[in-house]
Amino acid sequence: MGDKGQGGLKIARELWLDDSGDAFTYEDKVTGQMQQIWRLNAAPGVELGSVRINGENQLITRSPDGEASGVELRNRNLDLTAIGRSPLDGSIPATGWQADTDALSVVLTLPPGWRAIAVFGADRVVGDWMTAWSLLDLFLLMIFSLAVLRLYGWFPGVIALLAFGLSYHEYGSPRWTWFCLLVPLALTKVVRSELGQAWLKRIRFVAALLLMSFLIPFVAHQFQSVIYPQLEVSGVTYGYRDFLTWMGDAPNAAPAPSGAYRSISKESLSKSVPRGKQVKGMMQQQTASSANLLFDPKSKIQTGPARPTWSWNRVVCTWNGPVTAQDEIKPVL
């Protein structure tokens, strides 16, 4: 493999996880201008299914050592689309290729019933559970669990910490209504007058009704998602949810990454090239040379797996700078 040109490669990846969670189907869009790479090999463990360059199907071959599959590149302005399969063994090659890239974005699409607890290796992740926590969220979690700990002891405090923390970012989960009930329960411990206890009893009753109006639909939705995952709401991503967001409001979806970088079109090239006999001769010479690089018509071009068209829960990973072929992302699902 030769050295890449000054322009560098730009890769946009989308991964679709299988329902079993053992493997995924991917689509890579690789672009680059004035490249000096004449062969592009897939990363170890990545199975190439089909490759298209400038809209034309390419023949997938193996490198001389027989360990990596890839394609021969016969155009310095690269516009490549690849579809294939890869197992999920705890880590995923970031670029998916044995080549460095100057710009990389990865979209991990999860099937129903799956959540991304954390994704390690990227500079910025949107849609996983770990990065969804803000300082306000952590403060509320600490206040709620410590309050239950002081009121009822260690065991209820630990249960409150786990229950509140795990359900906090779930779709339709109650948040502030827990505090509406917790405040009168705490005041009951310190208020001694009969009139104050009577008013606190009424307030607890109203707060319990308010909490149940949020909690019962949430628990019902959770049981439905466990029994029938396909019925859960699509587009659920962990992230910021304001005070008024509830069951009827769609959650914040992870932003889609910037699409594949466009290469120079034939129309723009034809407009920029001056007319003349010399240019006509050069074009004929280029046509003849490109014809020599065509595949044998009898070659059997691989078709690969079908590209998934479904979209459910998305996690977007981006990098702020170049990414090497050795870099990996490690999702915790």
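Predicted model: local features only at pLDDT ≥ 70, side-chain atom pairs only at ≥ 80, totals over all residues.
Start with the overall numbers. The protein chain has 333 residues, and 39% of them are buried. The secondary structure comes to six helices and 14 strands. The chain exposes about 19,500 Å², and carbon and sulfur atoms supply 61% of that area. As for the contacts, take those between residues at least 6 apart in sequence: 77% of them join residues at least 24 apart.

Now a sheet. What is the strand order in the open sheet of three strands? It reads E3-E7-E6, and the pairing is antiparallel. In general, strands of a sheet pair through backbone hydrogen bonds, in either a parallel or an antiparallel arrangement. On the slide, look for strand E3 at 39-41 and strand E6 at 61-62; these are the edge strands, each pairing on one side only. Strand E7 covers residues 69-72, and three bridges join E3 to E7.

Next, helix H1, which spans residues 135-152 and includes Val 148. Ile 143 also sits in helix H1.

Is Val 148 buried or exposed? Its relative accessibility is 8%, and the cut-off for buried is under 20%, so Val 148 counts as buried. What does Val 148 touch, leaving out residues up to four places away in sequence? The list is Gly 153, Pro 156, Gly 157, Ala 160 and Leu 182. Leu 182 is 34 residues from Val 148 along the chain, and the C-alpha atoms of the two are separated by 8.2 Å.

Ile 143 is another case. Its relative accessible area is 35%, so Ile 143 is classed as partly exposed, a class that lies between the 20% and 50% cut-offs. Ile 143 belongs to a nonpolar surface patch of about 550 Å², together with Leu 136, Phe 139, Met 142, Leu 146 and Trp 176. Which element gives the largest share of that patch? It is H1, with five residues.

To put the helix together: H1 holds Val 148, which is buried, and H1 also supplies the largest share of the nonpolar patch, with Ile 143 among the patch residues.

That is what I have on this model.

Definitions and conventions: Residues numbered from 1 in each chain as written. Heavy atoms only, no water. Helix = DSSP H or I, 4+ residues; strand = E, 2+ residues; numbered from the N terminus. Buried < 20%, exposed > 50% of the residue type's maximum accessible area, 1.4 Å probe, protein only. Contact = heavy atoms within 4.5 Å. Areas by Shrake-Rupley, 256 points an atom, 1.4 Å probe, with all protein chains shown as cover. Pairing = 2+ DSSP bridges. Patch = residues over 30% accessible without salt bridge, like charges linked within 9 Å, V, L, I, M, F, W, Y side chains within 5 Å. Salt bridge = Lys/Arg side-chain N within 4 Å of Asp/Glu carboxyl O.
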